[in-house]
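Biologist: I am new to this structure and would like to learn how to read it step by step. Could we look at it together, beginning with the overall picture and then turning to single residues?

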Amino acid sequence: MKNEYSVPKLTLSDLYNENIVYNSRPSYALNPWLTTEEHQSNFLTGREMIIAKDMPIVVHEASITDKLQQLFDFIGKKIPKHLYTFRDRETYERLLQEIINKEGKKIYFQYIENNDIVDDEAYAIDKDVFVALNNKSRIPEWTNHKYLPDREIVSIRDFKGRIKDWDYPFVIKPGDELPTAGGYGVMICYNDEDLEKATQRIFEAAHATDNLIIEQKIEAVKNYCVQFAYSKEIGITYLGTAHQITDKYGLYAGNENVHDVPEKVIQAGREIMQNGVNLGFIGVAGFDLLLDENDNVFAIDLNFRQNGSTSMLLLQDELNPNYQKFYSYFSRGDNTRFFNVILKYVKQGVLYPLSYYDGDWFGKDEVNSRFGCIWNADSKEEVEQLEQAFISELDDTN
């Protein structure tokens, strides 16, 4: 069944006023539930450049070298002019202070920043609202207590006692506002060995987390990320839906486009988005909604922030409409080979570049380069063959 909504042409500058700067970098402060490895966090700053249009964004200098422009040349794009750049933690945190205190601008944070660095008043969206909407323990409030797996919120000190009442398989998540990404903060347990590993992680994070969520593991037929945008000018606008590719433990392996999304899934997402808007949310949000074999919809995660596949949805008109896959790749150590292989497939028109983190900015092969992109071709099978050939060329040492 096809849905009645169309995908609009929309950019970030259509959503926010000119006094707001977009920042997608996680804080340098430690978060045990997010892989805040420095270069990965820096890499994230380049992902939205194409869809930002006129909106100024905070970007690491290694994400805007001539290599990115070489890739952009093949899709007719230019590196935006409205950029705030940084080099390391010191220059990043100083930059935030300059944007806020010297320029009098507010920042749209993708992730909460350390309180010692940024005051609450600097957030483009009320910080308390942003924290509440992204707090996993409060998901029932934003779903109107619908679309929920069986779940229990427990204090971390009571976890060992309460988990004994649950039968495998189940899911354990942090029950607070600390962000997770790529499935890293989601612990799916099928057996005692999985639970032992999860318990070790939990108690390593005990200093940062008070509560945990224990949740029924839904056997999903489809795993959707349903996305919407809101501003006063455009109202609630459906951006589209991506299918999330994950392994049995929930680890993220990319997003692909879907042509037929059940109307009930879209309407569930719209209902959740409306609750966020009622609270004061502005911008892009994506909701992880599962569909089981009985066509029941379950909300397992609500991200009132941009998602990795947002660019893929907003760039639909520039991509092959048949099949698209959003994903990121790391160099194997030879950054020159990495770039040349990427360039080959970009020239073929099957690999659409979004971002390139140039490891050689730090010195020849000192840091592995990273690349964010969208595969697009006539079929999933064709992309799988292209991707396998791409990976083989990256691994080829001859």
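Predicted model: local features only at pLDDT ≥ 70, side-chain atom pairs only at ≥ 80, totals over all residues.

Biologist: What radius of gyration does the protein have, and what would a compact globule with 398 residues have?

Modeller: The protein has a radius of gyration of 21 Å, which agrees with the value near 21 Å for a compact globule of 398 residues. Along the principal axes, the C-alpha trace spans about 55 × 50 × 45 Å.

Biologist: How is the protein divided into domains, and how many helices and strands are there?

Modeller: The division gives domain 1 (12-133), domain 2 (151-216), domain 3 (219-312) and domain 4 (314-395), and the C-alpha centres of domain 1 and domain 2 are 30 Å apart. The protein contains 12 helices and 16 strands.

Biologist: What share of the contacts with a separation of 6 or more joins residues 24 or more positions apart?

Modeller: Such pairs make up 69% of those contacts in the protein.

Biologist: And how should I read the surface and the charges?

Modeller: The accessible surface of the protein is about 17,300 Å², and carbon and sulfur atoms hold 45% of that area.

Biologist: Turning to the backbone, which peptide bond is cis?

Modeller: As a general idea, most peptide bonds are trans. Here, however, the bond that joins Y168 and P169 is cis, with an omega of about -5°, and P169 sits in the loop between α7 (159-162) and β6 (170-174).

Biologist: What is phi of N144, and where does N144 lie?

Modeller: Most residues other than glycine have a negative phi. N144 is not a glycine, yet its phi is positive, near 55°, and N144 is found in the loop between α6 (139-142) and β5 (151-155). With a relative accessible area of 38%, N144 is partly exposed, because that class covers the range between buried, under 20%, and exposed, over 50%.

Biologist: What is phi of D295, and in which loop is D295 placed?

Modeller: D295, which is not a glycine either, has a positive phi of about 65°, and its place is in the loop between β12 (283-292) and β13 (297-303). The relative accessibility of D295 is 42%, so D295 counts as partly exposed.

Definitions and conventions. Residues numbered from 1 in each chain as written. Heavy atoms only, no water. Domains from an automatic or database assignment. Helix = DSSP H or I, 4+ residues; strand = E, 2+ residues; numbered from the N terminus. Rg over C-alpha atoms; globule rule 2.2 N^0.38 Å. Contact = heavy atoms within 4.5 Å. Areas by Shrake-Rupley, 256 points an atom, 1.4 Å probe, with all protein chains shown as cover. Buried < 20%, exposed > 50% of the residue type's maximum accessible area, 1.4 Å probe, protein only.
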